Amino acid sequence: MERAELLIEWARGWAVSRAHPAPTPAAGGVRIQLGHAERHVTTAMPGWLADADIAFDTEVKVLGPPEALRRSLDDRWLMFPTVELMATAALAVLGNWAAGQGLRTGVLAATGQGAPLYRRLGWASHGSIAGAVFTGVRQ
């Protein structure tokens, strides 16, 4: 599975696990409705990050180095800690159930503390996911 596909699968799982609507296609990735705001999960830096009419609490997750996202943001955004997009054959019990359902790949976003553990369990890193939330307030 390619990195872009893994990112979209992670976004779908994130939305389902938090009882949000399923992601809808958006430029370079998907968009998840979070009530009054949205979460954008993408493989490319969105061009709208400096727009004046972004809803408070809008989030962006971009597959790429955090420095690239940081350079694209103004001071109304607050960066999230960077996580790693990781994938493997799913873990034992979950994997057996998932395989029975026809699923073949487990996908997650690991924190800096969790990534080494997942690597030891056979997960492979597919890149960093940098994120930020729009606060609307100049820092």
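Mentor: What follows covers the pocket, the salt bridges, a surface patch and some backbone angles.

Trainee: What kind of model is it, and how are residues numbered?
Mentor: This is a predicted model, in which local features need pLDDT of at least 70, side-chain atom pairs count only at pLDDT 80 or more, and totals for chains, interfaces and linings use all residues. Residues are numbered from 1 along each chain as its sequence is written, and side-chain values use heavy atoms, with hydrogens and water left out.

Trainee: How much space lies in the largest pocket?
Mentor: About 770 Å³. A pocket is an open set of points on a 1 Å grid over the protein atoms alone, where a 1.4 Å probe fits, with protein on both sides within 12 Å along at least five of seven lines. The volume is the space filled by probe spheres set on the points, which are joined across faces, edges and corners.

Trainee: Which residues are closest to its centre?
Mentor: Glu9, Thr105, Gly106, Val107 and Leu108 are the closest, out of 31 residues that line the largest pocket; a lining residue has an atom within 4 Å of a point. Helix H1 (3–17), H3 and strand S7 (106–110) each give two or more residues to this lining. Helices (H or I, at least four residues) and strands (E, at least two) are DSSP runs, numbered from the N terminus.

Trainee: And the lining by class?
Mentor: The lining has 17 nonpolar, eight polar and six charged residues. Here Ala, Val, Leu, Ile, Met, Phe, Trp, Tyr, Cys and Pro count as nonpolar, Asp, Glu, Lys and Arg as charged, and the others, Gly among them, as polar.

Trainee: Changing topic: how many salt bridges are there?
Mentor: The count is six, where a salt bridge is a side-chain nitrogen of Lys or Arg within 4 Å of a carboxyl oxygen of Asp or Glu. One of them joins Glu59 and Arg39, at 2.6 Å from N to O. That pair links distant parts of the chain, with Glu59 in strand S4 (residues 59–63) and Arg39 in strand S3 (residues 37–42), 20 residues apart.

Trainee: Are Glu59 and Arg39 buried or exposed?
Mentor: Both Glu59 and Arg39 are buried. Buried means under 20% relative accessible area, exposed over 50%, and partly exposed in between (1.4 Å probe, protein chains only).

Trainee: Where does the partner of Asp75 lie?
Mentor: Asp75 forms a salt bridge with Arg138, the closest N and O atoms being 2.8 Å apart. Arg138 lies in the segment after strand S8 (124–134), while Asp75 is in the loop between helix H2 (66–72) and strand S5 (77–79), 63 residues apart. Arg138 counts as exposed because its relative accessibility is 54%, whereas Asp75 is partly exposed at 31%.

Trainee: Which residues make the nonpolar surface patch?
Mentor: Leu94, Trp97 and Leu103 make a patch of about 360 Å². Patches are made of residues with over 30% relative accessible area and no salt bridge; nonpolar side chains (Val, Leu, Ile, Met, Phe, Trp, Tyr) are joined within 5 Å, and like charges within 9 Å. Areas come from the Shrake-Rupley method with a 1.4 Å probe, and for residues only the protein chains shown count as cover. Leu94 is found in helix H3 (residues 92–100).

Trainee: Lastly, what is the phi of Ala19?
Mentor: Ala19 has a positive phi of about 60 degrees although it is not a glycine. Ala19 sits in the loop between H1 and strand S1 (24–26). Asp57, in the loop between S3 and S4, has a positive phi of about 75 degrees.
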